Every structure is written in structure tokens, then in C-alpha cells.
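Me: Hi! Could you walk me through this one before I start setting anything up?

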Amino acid sequence: MSLFTELKRRNVIRVAAAYLIIGWLLVQVLDLAAESFEAPVWVMKMIITVIVVGFIPTLLFSWAYELTPDGLKKDSEVDPSTSDTSHTAKKLNVVTVIAVAGIAALIGWQQMNPPVSAPVSEQPAAETEAEALTLPVEPELDKPVSDGSIAVLPFADLSPEGDQGYFSDGVSEEILNVLVRIKDLRVASRTSAFAYKNSQQRIPEIARELGVRYILEGSVRRAGDSIRVTAQLIDAKTDEHLLSETFDRTLTAENVFAIQGDIAQLIVTALSQRIEIADIGAPVAVIADTENLATLDLYYEANSLFLERGRDNLTRAMNLFERITTEEPTFARGWAGLAGVYVVANGWGLELRDYDRLTRVAAERAIALNPKLSSPHAVLGSLEGTPPNSDFSGSLEHFSIAQQLNPDDPNLYNWRGLFWVRAGFVERALQDFKACLRLDPSYVNCGYNLYSLLIVSGNEKEADALHHSLLLKGATTQTQLIPFIQRLVTNQDHESLLTSLNLAVAESYPGQRWMIKELYGAWTDPAFDHAARRQPFMQRLETAGFNLTHGARTAMLAFAFRDFDGALKNGGFPVGWYGHFEGISKAQKRRAIIEMGLPVFWREQGFPPQCRAVGDDDFACN
């Protein structure tokens, strides 16, 4: 008997046909069900895999066993004279015919019920989406790109241990800082360019998103007492390499600065052959402000931590900057970096110290060592304009100096935007925050400061679009923002409020989960006794060692417990934001304006639109 005849006798061929038809039908039906229940993709993959894997065992089973009136038996145990495989064959034929009928019915149903397309609006979908999400502060990716524009990507760390990322970042950042000083060259901000660290995107795509024509990329290999730096300048429009150089030097601070200066000079020379650069005649060099490689190494690490923010990073950065200024007290950038950490320390809830005094000492020391540094003036501008001891005129003067020294510093516009908000000039604040984001679209803190101002100004649609764009860039919602929380409370979005409180406590008060229930009650329960429960709440946090001086986090707690005077003193309610909140009396607002010294500043600089002078020594606000 041939193999084919035996396969037919044992119904193996019929089983195979029935299995394939029923399996296909089963997949189609289950696919419809999975779509209806929004099942994950892996569910259908698993089902198909099981059906495919089960095909061969099913055929082997049909070969080895026969269905008899007494049940399943091995084929070898069945007497050929009593075997009746034709009976089984008839049953398989019936099952197969039913399955085929099911397939026909399914196909007919699909023809009569095609997939429903999304409704077509009068505008193209792409245009509608762009209108909903695009903001004036967002770069238009397809707009014409200036030929005189470049981005410096973070150099790759090729060191043997792979632990020199901060150093390779520092090398590329120094080059960026030199290029920023070239008058006719627009350089993408550090934060925006460094967002593409370890990115697998193609250079033309990165250049398009950053709005630049040229890209500088490279790598740093630091091993023992040697360093190798490679640099490549690419024209993203043509994908042409304009230069590719490798520098091998002995590892010293002098050589690191020299390599950075050489690369910057090569870039300017290459670009001058394609575009007009006014400063091409001037030598391009990195200023060697230390001869100590250890100092430079610590500075790169500390600066990297400061830019990343976060309580732990800022604490480590503070320790490193303090070590730098102790070991090399003449290194100006060390003092400038330390001033930057000190000025944000209260806001991030770092260990309680006299940060106002420490900030002033560090910033003034940096200016004395290097008057051309802009960041210490921006720091002093932020410090002078912050409650409780605000000097608004002095703050504005420092911001003006910082802008003259470096008009492309996004920190300057972010801090000055906050200054204008506190001073009551909402439109000026909006302009500065938007300027900040034009210079650095990835500046999360600046983005959320603008978001808060848009919310309290009633521009909720624009605020939502900005929030959406920040989240697309990988930002985390800043859950300490009072306008953000107040909006959730007003909209009775209790789930989002609880999520935000969980995130806020985890970030700012780790290990204090008991706070969540208290804060939720304070925000939402009409019967909550704010006055009686505020003091035990704050006392428990102080006992746990948390800094409860001025800052957004302390202001958020004060507002939750309806301590409006405390919130105002902590800078939680700048004048431009008053109208958004209920429960703050006119007397409290007026007292806060007077305590901050704003009437004197307004008479010197002019009153904001919502306020006006009354006589020689009084004022009134809408």
C-alpha cells in the first residue's frame, strides 16, 4: 500500500484540510474580537503561533490514532477487518463544509460592512492637527533654514570604561560656547542639541528639527595620559562632510582647550567659504581659564549635573563646585557654577542653608575674577527679584548687563520672565518666556513657566498645546505648579490630581507618602480644617529634615492649606497671577504688593497695565 493511500485511509489529508480551514476561520473571528476589545498586538501573535505550531502534532495524532465506536485507539490496536475510517471521514467532511460555509459568511459580512473611515472635515486632517497643536513658540520644522546656522551635538564617549560622558559633553560644550560669540552665526542652544545625545536619527533629520544647516559631531577617547578627539562638520542639506579631523594629544588642560579652539577655528574657516561671517578675521580660541586638568574635569562633571537638575543632581553639583572653588579659588567659572546651584537650591528643597547670602558671595566673586561672564549677573538678577527681600531695580540692572554680555542665554530670559511676572508685567513676561523657548525649545522649566502664565491669563488652548509639545519632547509634568494643580481642582479631575500629588511628593518629599491624603483633602474637602491641620503638617515635614523656606514647593503647600499670606511671602502668587485664584482678599493682595516694594519700582519704571498711580504716594490695581 502506497503512503498516499495510507494517508487517505487514516484520514490524515482530511484532518489537514479541516485544520487549515478551521484555523483560518478561527484567526479571522478572533482578530475581530481582539480589535473590539482593544487587545494588545501580542495576543493575536500568540494565537497564530499556537495554531501554526499545533499543525504537525495534529497530523501525527491523526496518523497514530483512529476514532472507533469504543473511543480513540492506536491504529496498531484496531483490527483492520473492523476498522471503519469511512465513518470518521464523513464526519470530517461535514465539519469542513460547515467551516467553509462560515468562511463564506464572514467574507460576505466583511464586504457588506467595510471599515468605517474617520469623518472628513472641510480642512485637510494634517492642517487641522497642526492648527490644534502648533504654538507661536514652536519652531516650524519646514521653514527656510539659514545658511549661517549650526548645531553642536554632544560628542560620543569612546573611553575604555565608558564613564567619561560628562567630559565629552564638556568638550563639545566649550566649542559651542566659542561659536556662539561669532556674530553672524546662529548656534542651536546647548539643551536643544544635547537632547539628541545617543540618538539614532539621521543627521539631516536632526538638522531639520533643530532648524540648522550644519551639524558638528564627534567623539572623545580619554585613556591614561592621552586624549583623542575627532570632529566632523556636515552640511545637512547635501549630506556632505566639510571637514573631518582627529587630534591626538597628551591629556592636559592646556591641550584640551587648544583642541577645542582648533576645532572652532576649522569650523569658522570652512563656513566662511560658504557664508559671510563678519568676525572671520578675528582669531577664534577657547579661553584657557585653568591649567589644572583636575579642576576642568570636576567642572565638566558638576556643570553636567547642574543642567540635569533634580535634588540629588543639584546636591552632588553643589559639593563638586564647592570643592572646585576651595581647591582653585581663582577659577571664575567654578564660582559662577556654584552661584547657579545656590540660587535654585531653595526652590528644589535642598538642605537648609543661607542660600541668598551664599549666592551673592559666589556670583560677586565670579564677576570679580571675570567681568565678561554673563551667568553671574543673570543669577544676581534672579536673586534680587525674589521675595522676601526684593530689589526690583537692582534685579533689572543685572539682567540688562547679562543680556549685553550674552544675548543668547535662555537662562537669562527664563529668569527675567519670572521677574516680570512678579513685577506684574504679564506681556513682558510672555515675550521673555517665548524668547527663551525660541533659543532653546527643549528648556522644560521655561516651557512650564510659560504654561503657568498662559493658564492664569486665560489662554488655556495655547497652554494645552504647549503642554502637549513638552510631553512629546520627553518632559515630565511639573506637578508643583500652583496653576496646574488649581486647574485640576477647578475641573474636578480627581484622578489626575491624585497622580500629580503622588509625583510631587515622590520628587520633593521622598518617603513622606502620608502627605498625599492630607494634601488631597486640603484641596478638595470642603469640611477640611485648614487652620488646625496646617501647623502639625508643616512641623512633621520640618522634623523629617525638609527645607520649608521660600520657593514654589513651599508656596504650593501654603496655598493648599489656605495660608495665602505665607504663599504670597514665598513668591507663590506673583502679581500677574492674582486674578486666577479665589479666596485671596484685596487686602492681602495689596499688602503683598507693598511688602515686595513694587509701588516704588512702578514709579521708577512705569506702572503695569492693570495698576495706576494715585496721587504721589498711593496706587490702585484692577
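Me: Thanks! Among contacts between residues at least 6 apart in sequence, what share joins residues at least 24 apart?
Reply: In this predicted model, 60% of those contacts in the protein chain join residues at least 24 apart.

Me: And what does the secondary structure come to?
Reply: There are 28 helices and 10 strands in the protein chain. As for burial, 47% of the 622 residues count as buried.

Me: How confident is the predictor, on average?
Reply: The protein chain has an average pLDDT of 79, and 78% of the residues score at least 70.

Me: Which elements have the lowest and highest mean pLDDT?
Reply: Helix α6 (residues 125–133) has the lowest, at 34, while helix α14 (residues 355–369) has the highest, at 95. Also, pLDDT stays under 50 over residues 114–143. The model has 20 contacts beyond four places in sequence for that stretch.

Me: Why should I care about low values when reading coordinates?
Reply: Where pLDDT is low, the predicted coordinates should not be read in detail.

Me: Good to know. On to helix α22, then: how far apart are its end C-alpha atoms?
Reply: They are 21 Å apart, which agrees with the 21 Å that 15 residues should span at 1.5 Å a residue. The helix covers residues 494–508.

Me: Which residues of α22 are buried?
Reply: Those are Leu497, Ser500, Leu501, Ala504, Val505 and Ser508. They sit on the same side of α22, because they cover an arc of only 130° around the axis. Glu495 and Ala506 are exposed on the other side of α22.

Me: Why would that spacing put residues on one side?
Reply: An α-helix has 3.6 residues a turn, so residues three or four places apart point the same way.

Me: Where does Asp239 sit?
Reply: Asp239 is in the loop between β7 (226–235) and β8 (240–250). Phi of Asp239 is near 60°, again a positive value in a residue other than glycine. With a relative accessible area of 42%, Asp239 is partly exposed.

Me: Switching to α24, which of its residues are buried?
Reply: His530, Phe537, Met538 and Leu541. Their arc around the axis is only 95°, so they lie on the same side of α24. The helix has 14 residues and reaches 20 Å from its first C-alpha to its last, close to the expected 20 Å. Just after α24, Gly545 takes a positive phi of about 95°.

Me: And Gln535, how accessible is that?
Reply: Gln535 is found in α24 and counts as partly exposed, at 46% relative accessibility. Its C-alpha is 9.5 Å from that of Phe561, which is 26 residues away along the chain.

Me: Last one: at what angle do α17 and α28 pack?
Reply: Helix α17 (residues 410–423) and helix α28 (residues 598–605) pack at about 105°, with their axes 11 Å apart. Angles from 65 to 115 degrees count as roughly perpendicular, so α17 and α28 are roughly perpendicular to each other.

Me: Which residues meet there?
Reply: Phe419, Arg422 and Ala423 in α17 meet Leu598, Phe601 and Trp602 in α28.

How values were computed: Residues are numbered from 1 along each chain as its sequence is written. This is a predicted model: local features need pLDDT of at least 70, side-chain atom pairs count only at pLDDT 80 or more; totals for chains, interfaces and linings use all residues. Side-chain values use heavy atoms; hydrogens and water are left out. pLDDT is the predictor's confidence in each residue, from 0 to 100. Helices (H or I, at least four residues) and strands (E, at least two) are DSSP runs, numbered from the N terminus. Contact means heavy atoms within 4.5 Å. Buried means under 20% relative accessible area, exposed over 50%, partly exposed in between (1.4 Å probe, protein chains only). The expected span of a helix is 1.5 Å times one less than its number of residues. The arc is that of the directions from the helix axis to the C-beta atoms. Axes are lines fitted to C-alpha atoms, for helices over the stretch in contact, and angles run from 0 to 180 degrees between N-to-C directions. Angles under 35 degrees count as roughly parallel, over 145 as roughly antiparallel, 65 to 115 as roughly perpendicular and the rest as oblique.
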